[in-house]
Amino acid sequence: MKHILKSTDVDRLYKKPIAGSYSDGGYLYLVVSAKGVLSFRYRVNLENAKNWITIGRYPAVTLAYAREKALEYSKLVAQG
């Protein structure tokens, strides 16, 4: 899987937040709220419904850790 976000992109958004949802590929997203809170979320598609798992807030949760957790979640989804 090719990752789109770089740690410098996340740092830049932390210093100057722009609300929105930024994909890293593989259903991992960095979500920036209107109040400037950055959270990593993983999108799960189960039974034709989209659900979200919040991995945690940046900077407590790093991009590398969020990617590890997203990989774990994708394996669990594949197992059913």
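Start by selecting E72: at 41% relative accessibility it is partly exposed (buried means under 20% relative accessible area, exposed over 50%, partly exposed in between, with a 1.4 Å probe and protein chains only). This is a predicted model, in which local features need pLDDT of at least 70 and side-chain atom pairs count only at pLDDT 80 or more, while totals for chains, interfaces and linings use all residues. Residues are numbered from 1 along each chain as its sequence is written, and side-chain values use heavy atoms, leaving out hydrogens and water.

Next, pick D24 and R67, another salt bridge, with closest N and O atoms 2.8 Å apart. D24 lies in strand β1 (residues 20-25) and R67 in helix α2 (residues 63-79), so this pair ties together parts 43 residues apart in sequence. D24 is buried at 0% relative accessible area, and R67 is partly exposed at 22%.

Then select D9 and R12, whose salt bridge has its closest N and O atoms 3.2 Å apart. The whole structure holds three salt bridges.

Finish at L13 in helix α1 (residues 7-15). L13 is buried, at 10% relative accessible area.

Definitions and conventions: Helix = DSSP H or I, 4+ residues; strand = E, 2+ residues; numbered from the N terminus. Salt bridge = Lys/Arg side-chain N within 4 Å of Asp/Glu carboxyl O.
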